[in-house]
Amino acid sequence: ELKKKFKEVYGHVDADKASLPEFVKFMVFDTDVQGTLQKSRRQAVNAVSGKVLDVEFDPAEVIPMAAEDAGEYVMSPQNKDQFGWVPLENTKVLDALKDLDKGAGQIRLFGRVAHFFNYADIRKALTDGINQIQLARHGNAHFEPLGNDDDLEIHIVTSLAGGTGSGMFMDVGMLVREILDSQGDKADIHGYFVMPSVFSYLASTEDMKRTKPNAMGALKELD
């Protein structure tokens with residue numbers, strides 16, 4: 001929806017590219033990449049030209065969080081120490097923890113495993129994004145430049161009801177802070193969390209069973 005707003009206001013500048021300032025970046029981390037790309041498709045009517053514009057995430061904006069043979073990865077001797085929070089004695093969990101490529105199945109633990117499995121790619125994507133924004137401070141003919149003293153603003157948006165975002169949002173926030181500190185950069189980091197009640201009209205009773213426990217677990221860990 002936010003990207004749609006940019007198209008509505010700035011889409012007349014360049015319907016394909018320049019409707020987003022170079023110092024605005026979108027990143028989507030998901031274990032279900034194809035589902036995310038399909039669900040992101042919208043249309044926007046530009047306020048100036050009146051043209052109807054397609055809105056969707058570019059493939060480069062969606063960082064895949066698939067984890068092939070995730071169970072074996074967690075159980076391998078070289079990785080086992082970093083997964084002390086995984087209940088290895090729970091055989092049902094380990095049996096279900098296989099290829100995470102179509103979502104985390106509303107299991108927060110799976111989302112966090114996917115984060116560590118893809119840690120290098122996530123760190124690179126965040127680092128590159130932060131650096132690109134820093135280099136784009138000069139602005140262009142259509143957008144005012146950022147001041148050198150203006151801090152970056154980083155907004156983390158996720159649902160706490162599912163598995164992927166609810167399982168990794170804190171690790172992502174801490175990683176962002178670590179990257180900023182290592183580069184001597186500053187940023188205001190904001191979090192926006194969607195609660196289970198939003199899905200009560202969209203999901204079946206069966207799908208809603210884990211949403212409240214997931215949100216409660218996430219909020220307890222945040223506290």
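## Confidence

The protein chain of this predicted model averages a pLDDT of 80, and 84% of the residues score at least 70. pLDDT is the predictor's confidence in each residue, from 0 to 100. Helices (H or I, at least four residues) and strands (E, at least two) are DSSP runs, numbered from the N terminus. Where pLDDT is low, the predicted coordinates should not be read in detail.

Residues are numbered from 1 along each chain as its sequence is written.

## A parallel pair and its crossover

Strands S5 (residues 152-159) and S6 (residues 187-194) pair in the parallel sense, over eight bridges. Pairing requires at least two DSSP bridges between two strands. Leu152 stands opposite Ala187 in S6. From S5 the chain crosses through helix H7 (residues 164-183) to S6, a right-handed β-α-β crossover (clockwise from first strand over helix to second, with the strands pointing away from the viewer).

## Helix against helix

H7 meets helix H9 (residues 211-222) in a contact (heavy atoms within 4.5 Å). Ser166, Phe169 and Met170 in H7 touch Asn214, Ala218, Glu221 and Leu222 in H9.

## A hairpin

Strands S2 (residues 42-45) and S3 (residues 52-55) run antiparallel, joined by four bridges. Gln43 stands opposite Asp54 in S3. Six residues lie between the strands of this hairpin, and Gly50 takes a positive phi near 80 degrees.

Conventions:
Predicted model: local features only at pLDDT ≥ 70, side-chain atom pairs only at ≥ 80, totals over all residues. Heavy atoms only, no water.
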